Amino acid sequence: MASYPAADTPRGATITVRWSVLGPALVAALGGFLFGYDTGVISAALLYLTAVFGLSSTLQEVVVAALLLGAIGGVAGGGPLVDRFGRRRLLMVSAAVFCIGALASAFTPNPGVLIAARFVLGLAIGTASLVVPTYIAEMAPRQVRGRLVSLQQLMITVGIFVSYLVGFAFSGVDQGWRWMLGLAVVPAAVMLLGLLGLAESPRWLLSRGRDDEARAVMLRSRGPREADEELAEIREISAAERGMSIRDVFGRQLRPAVLLGVAVAATNQLVGVNAVIYYTPTLLTRAGFGDAAALLSTVGIGLVNMLVTIVALLAIDRVGRRPLLLGGTAIVVVSLVVLGVLFLLPSQTGVTGAVLVAVLCVYIAAFAASLGLGIWLINSEIFPTAVRGKAAGAGTVTHWTLDFLISLSVLTAIGALTATGLFWLYACFGVLGFLYLFRNLPETKGRSLEDIEQALRRRTEAVR
């Protein structure tokens, strides 16, 4: 068991997180690790794949974007399936597909097979990105839900960091790129085995009329009184939701929540974070860095990303969602403006190069503490249980669609707009996202999922 400061208890008080909650959260969050690893490792592998297969800039973008196109398909298909078949089963399918995609990538004989394998990995990533935060949110006590759901983002950053380390470690190895891509099979296999012993979400069980099973799962992490109160609250909300369908997701009642989920996801992507994650080594080598220096700088950026995510995760249930999201987004915008200025200078090596890497670290740190955590947490908290998978899918599809479009256009956009123009464009999108979130983002710290849902419903009725 582990103890953490509680969000809604007096200063210095702690609550105990039982292994029955922390264990499933950690196993499920391996989906986040694989998400981070498989998206991050391509940045190092591209330096060698380009030479081995003679990839043009367009083909480099296609190799990166194939995974993201698959992720869109994974989210689109996973939304209805997770509400029908359950959270745990979908996670097991995702883990198996991760294994297949990793091995196919490692043994690819040509770019065509690599693109297909990356698409398969994308299917697993898209499904996991939807199901993992939903599953953790529905398993977690409200006092630590923010931290536990944010394990998804923490594990994404750990996966990215590990992928950068692996890329640097195998940079001098013959056909080392195959090891870079193939090692993802190890955490995928661990995730699959770990899921065999996990319980299904109590909220999903209750929605299927399996009340006794739901209570038994709930009692593993709550006392009898707390479990019964939470189950009663879920039943009350579920009764009002009975008969809700995918059509209701886009109706007036859920529209504010859906728009908020989409706005968080859109801002997450439109500030250009994955242009940095996928193409930092390429950008730095074009700016005059050597391959080793570019990869080592990328490792440093990945380390900052991971460490700041840990700090933000520990603070999210104490500080709250709004301060972190709004403050971090503001710093992201300022960093993008400064990066644009640096790329206007005649040279990006020497002192300018050091400043460039430092500002990239500030950018990724601000993103990690705000939009990085926010997309998964907000989308896991604001929707009704009966349609949570479908509704959260709207934000997740937005995330992956924009990620796909950005990854497919970064190198082309730099050629057309210059790096400065591209970073300043991302800054403009960041300003728009900040303004929308400032006006519409509620504080969800320390509130039950059902309380958040009722508050959003009352807000909708108030503006009718």
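These legends go with close-up views of a predicted model.

**View 1. Confidence along the chain.** The pLDDT (the predictor's confidence in each residue, from 0 to 100) averages 80 over the chain, and 83% of the residues score at least 70. Over residues 1-16 the pLDDT is below 50, yet this stretch has 31 contacts (heavy atoms within 4.5 Å) beyond near neighbours in sequence.

**View 2. The salt bridge between E213 and R210.** Here is the 1 salt bridge that the structure holds, defined as a side-chain nitrogen of Lys or Arg within 4 Å of a carboxyl oxygen of Asp or Glu. The closest N and O atoms of E213 and R210 lie 3.0 Å apart. E213 has a relative accessible area of 40% and R210 one of 33%. Both values fall in the partly exposed class, between buried (under 20%) and exposed (over 50%), with a 1.4 Å probe and protein chains only.

**View 3. Inside the largest cavity.** A cavity is a set of points, on a 1 Å grid over the protein atoms alone, where a 1.4 Å probe fits but cannot get out. The largest cavity holds about 150 Å³ of space, taken as the space filled by probe spheres set on the points, which are joined across faces, edges and corners. Of its 16 lining residues, Q153, I156, N274, I277 and F367 are the closest to the centre; lining residues have an atom within 4 Å of a point.

**Notes for all views.** Residues are numbered from 1 along each chain as its sequence is written. Local features need pLDDT of at least 70, side-chain atom pairs count only at pLDDT 80 or more, and totals for chains, interfaces and linings use all residues, while side-chain values use heavy atoms, with hydrogens and water left out.

Technical notes: On a 1 Å grid over the protein atoms alone, a cavity is a set of points where a 1.4 Å probe fits but cannot get out, and a pocket is an open set with protein on both sides within 12 Å along at least five of seven lines; lining residues have an atom within 4 Å of a point.
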